[in-house]
Amino acid sequence: MKHIGLTVASLVISLWATGPLCAQPDASYPLALLPLPAANGPPVKNCTYCHGVSAQGLATAPRLAGQRAAYIEKELSAFRGHERDNPLSQLYMWNVAANLKPETGRELAVYFSQLPPRAAADGNRGLFDEGRALYQQGVPNANIVTCVVCHGPNAEGVRDIPRLGGLSYLYLKRRMEEWNKGYHPTARPMPQVARELSPAEIDALASYLSFLDEETASK
Amino acid sequence: MAGTNELFNAMHAGNKMPRPSRIGAAAVVGLAAFMGAGEQASALPSFARQTGQTCSTCHTAFPQLTPYGRRFKLGGYTAGGGIDTQLPPVSFMLQSQFTNIGRSLNAPLGSSSAYAPPQAPGLGGYNDTNNWTDFSSQVSIFYGGKIWGNLGAFIQATYAQDYGEAFNWDNSDVRYADTLHIGGFDVLWGLDFNNNPTVQDPWNTTPAWGFPFISSPFAPGPAAATMLEGADWGPGQVVSAGAYAFINDMLYLEFSAYGATSKSFQWAITGGPPSNLLSGVAPYYRVALEKNWGEHSLEVGAYGMNANVITGGNQSLPVGTFGWPTDIITDNGFDAQYQWITDTHAVTLRANYIIERQNLVSSVLQGFAANNVDYLRSLKLSGEYVYKNTYAFTATYFNINGTADMTLYAPNANFSPNSEGWMFDASYLPFSRGGPSFWPWANARIGLTYTLYTRFNGGTNNIDPTAVDVNGTTLCNGGSVTPYCRKASDNNTLLAYAWFMW
C-alpha cells in the first residue's frame, strides 16, 4: 500500500480530465485545452463500427444502408424514449441515443438512407416462394394481413415505414419473434400483426425478404 | 530451470538484470509476458466515455473483444457517440494480487536453485515463501481514444511493483484509420505504429492480448517462450510502422516492420540494458478471415515475424558491428476464434499455435546454445463462457515443446524446454454493463486463476535436477526424493486478483 498516493493522484487527475459527469452531449467543455473545430459531415464512424464499414449490417446490427431516413429517425427517438426495448436495443442503442442530438441523428439518417443497399441473402432459399406469397397476399383466413400494403411492392418502405427488402434473415426473424414476446409494443401495428404469425411463417417471411433487392423484387 | 533460476537469483540479489541471453530474457518475460503480467490492459473507461457505450459492447469480459470491439480498434479508436469533453482521453488502472504457489520456496539459501526463498532488497510485495500479497501489482495510466479526426491511440505506461518496482512504457498502439469504397469492396484501412508485436491485433488469440489476461509476477513460469510471446523483448524495446486493410468486414491484411529502439532508451524504460536486441528491420505479417452471421463470428488466420536478433544484447559491441552474426528467429502463428454472443450468453473459443525456428549461430558462438538450429512450438487452446457480461469462466490448455538443447536449457530436465498444463479462471465483472452512478465508466474484474502444470521446464517429478547447494552438493540427485526435490505440480499457482479501471 505504500503507493496509495499514486492511486489517489491518478483518481484526482482522472476526475479533472474527464470533465463534468452530467455534461450536455457535444457541449464544449469550459476547460478545453485546444479549441478544435467541428469535423465536417455527420459522425458516420460512430455507427459503422457496429453496422459495418458501409452500413450493410454486421453480426446482430441491422443494415442501415438504403433504410428510410424517417424510419431511422423514428427509431432513434424510440431508443431514446426506451420504447424500443428489445434486449439488444437496450444493450447498444439506448446508449447511442442517450448522447445523440436530434439534428445529428437526422443527418446520419439522411446519410445512411442514400447508401445503396445490398441484400443480405442469408435466409432459406427454399422458403422464398412461400415467403413471397405471405408477403404479397397474407393469409386472410388466419387473419394475417398482407405486408405489401404498407411496406410496398418491393418491400422498399415509404416515409417512416421501413425498407425490409434485403435485411438479414436473423434480424427480421428476431424482430418478429420479439414482438410476440411483448417487446417494443408501441410499434403499432406490428405487435398485432406479428402475433398472428407462426414460427414457420416468420421463417418464410424473413427468408424471402433477405433475398429481396431491387432486381429480385421486380420479378 | 535456467531462466527461472537466473531470474530468481537475479531478483533475490536485487539485481534486475538477468544473464544476457535468449533464455534469460525468455525467463523474465516468461513470467511477465507469456503468463501475461505487465502486458495487459483493457476495456478502457476513456473508450466508454468517448463512445457512450458500456464495456459490454466491445468486450464479452474484458479484454476479450467482440466483433464490434475489433472494429472500434481497427477504426483507430476514433468512433464517438459519448460525452465530448474535448480533453485528453485518460484512464487509470490498478491491479491488486494475492499469489499462492503449491509448494513454498524452500531450497537452501545460497543454492543455485530457483526455489530458494527470496531475499531483500527489491522484494516488492513479498510476504512469505509461498504467499505474496501485492496491493499495487500494477498501476497504469492510459491515453486511450481519439486524438483528432482519424487519428487515435492506445498508450499505456505502467508502474509494476512486484519485484522490480519499475515504471515502464507498456503496450502502445497509435493508428490513423479511414474507409475506402472501391467497386463492390468496402475497405477499412489504416496506418499503425506500435511497440510490441501483436499488440495491434484485434483477435485475442494472438499473444499480446491472449489468455491469461492477468497473472502473478511472483509465480514461477516456464522458461521457454516464442519471440511473439515476448521471449526476446518487451513493449518499447521495439517499435513498428505498418499498414492494414479490412476488406468487406471479412478479410484482414496487415504488414508491419519492426525496429529496435536505442540501447539507452531501452535501458531507460526497462531499468537495465537490453537482453536481446533486434538487428535491422523485422517484417511482420498478418492475414485473417472473419465471417459474421447473426450472433456467430468465426475467424481463421495466420501471422508471423522474422527477426535478426543480437543475442545477449551483445553488450560489449556497438549495434550493427560489422561481421558479428545474429540469431535468426522466425515465428509463424496460426489461429482461430469462434464466438457466439447473445444479450445473455457469450462463448469464445480460441486456438493459437506458434512454431518458431531458431537459427542460433550467434548464441552458439557466444556459448549460450549448443545447437545451430532449435525449434519451439507453443499451443494454446482456450474456452470462455460469460453470463450477462458479468460472470466469466475460462479454461485453457497450453503446451510448449521444442528441441532439447544442452546449453540453452542446461538446468532443465533432459535439457528440454517442454512445459504443459491448464489454467482455470473464474471472475466477476460487476460494471461491464455500466458502472456505479457516480462513475459509470468504471470497470472491474475480480477473480481467481488456478494454473496447473503437468510438465514444467522439461520435467514432471524433478524439475530442478542440476541445482546444487552452497557447497556444490546436488540438491536433488537423479530424481530421488529428498527434501528439495521439486515436482512440476509444486509450481501450481493460485492467483486472486482485483483489477480496477476508471
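The questions below go from helix packing to cores, chains and backbone geometry.

Author: This is a predicted model, in which local features need pLDDT of at least 70, side-chain atom pairs count only at pLDDT 80 or more, and totals for chains, interfaces and linings use all residues. Residues are numbered from 1 along each chain as its sequence is written, while chains are lettered from A and ligands numbered from 1 in the order in which they are written.

Reader: Why is H3(A) called oblique to H5(A)?

Author: The axes of helix H3 (residues 69-80) and helix H5 (residues 102-113) of chain A come within 8 Å and cross at roughly 140°. Angles under 35 degrees count as roughly parallel, over 145 as roughly antiparallel, 65 to 115 as roughly perpendicular and the rest as oblique. That angle therefore makes H3(A) oblique to H5(A). The axes are lines fitted to C-alpha atoms, for helices over the stretch in contact, with angles from 0 to 180 degrees between N-to-C directions.

Reader: Which residues make that contact?

Author: H3(A) gives A:Ala69, A:Ile72, A:Glu73 and A:Leu76. H5(A) gives A:Gly105, A:Arg106, A:Ala109, A:Val110, A:Phe112 and A:Ser113. Two residues are in contact if their C-beta atoms, placed from the backbone, lie within 7 Å. The contact residues of H3(A) with H5(A) divide into six nonpolar, two polar and two charged.

Reader: What makes H3(A) roughly perpendicular to H4(A)?

Author: H3(A) packs against helix H4 (residues 87-98) of chain A at about 100°, with the axes 8 Å apart. That angle makes H3(A) roughly perpendicular to H4(A). From H3(A), A:Leu76, A:Phe79 and A:Arg80 take part. Their partners in H4(A) include A:Met93, A:Trp94 and A:Val96. This contact divides into seven nonpolar, one polar and one charged.

Reader: Which residues have the most contacts inside the largest nonpolar core?

Author: They are A:Cys50 and A:Phe112, in a core of 60 residues. A nonpolar core is a set of buried Ala, Val, Leu, Ile, Met, Phe, Trp, Tyr and Cys residues joined through C-beta atoms within 7 Å. Not counting residues up to four places away in sequence, A:Phe112 touches A:Ala55, A:Leu64, A:Ala65, A:Gln67 and A:Ile72. A second, separate core of 25 residues includes A:Ala119, A:Ala155, A:Ala204 and A:Ala206.

Reader: Why does A:Ala155 count as buried?

Author: A residue is buried if 20 or more other C-beta atoms lie within 10 Å of its own, exposed if 12 or fewer, and partly exposed in between. A:Ala155 has 22 C-beta neighbours inside 10 Å, so A:Ala155 counts as buried. Phi of A:Ala155 is near 55°, a positive value in a residue other than glycine. B:Asn389 also has phi near 55°. With 25 C-beta neighbours inside 10 Å, B:Asn389 counts as buried.

Reader: How many helices and strands does chain A have?

Author: Chain A has 11 helices and zero strands. Chain B has seven helices and 17 strands. Helices (H or I, at least four residues) and strands (E, at least two) are DSSP runs, numbered from the N terminus. Of the 219 residues of chain A, 39% count as buried. In chain B, with 502 residues, 60% do.

Reader: Where are the cis peptide bonds of A:Pro189 and B:Pro63?

Author: One joins A:Arg188 and A:Pro189, with omega about 5°. A:Pro189 lies in the loop between helix H8 (169-180) and helix H9 (190-195) of chain A. The other runs from B:Phe62 to B:Pro63, with omega near 5°. B:Pro63 sits in the loop between helix H4 (55-58) and helix H5 (67-74) of chain B.

Technical notes. Ala, Val, Leu, Ile, Met, Phe, Trp, Tyr, Cys and Pro count as nonpolar, Asp, Glu, Lys and Arg as charged, and the others, Gly among them, as polar.
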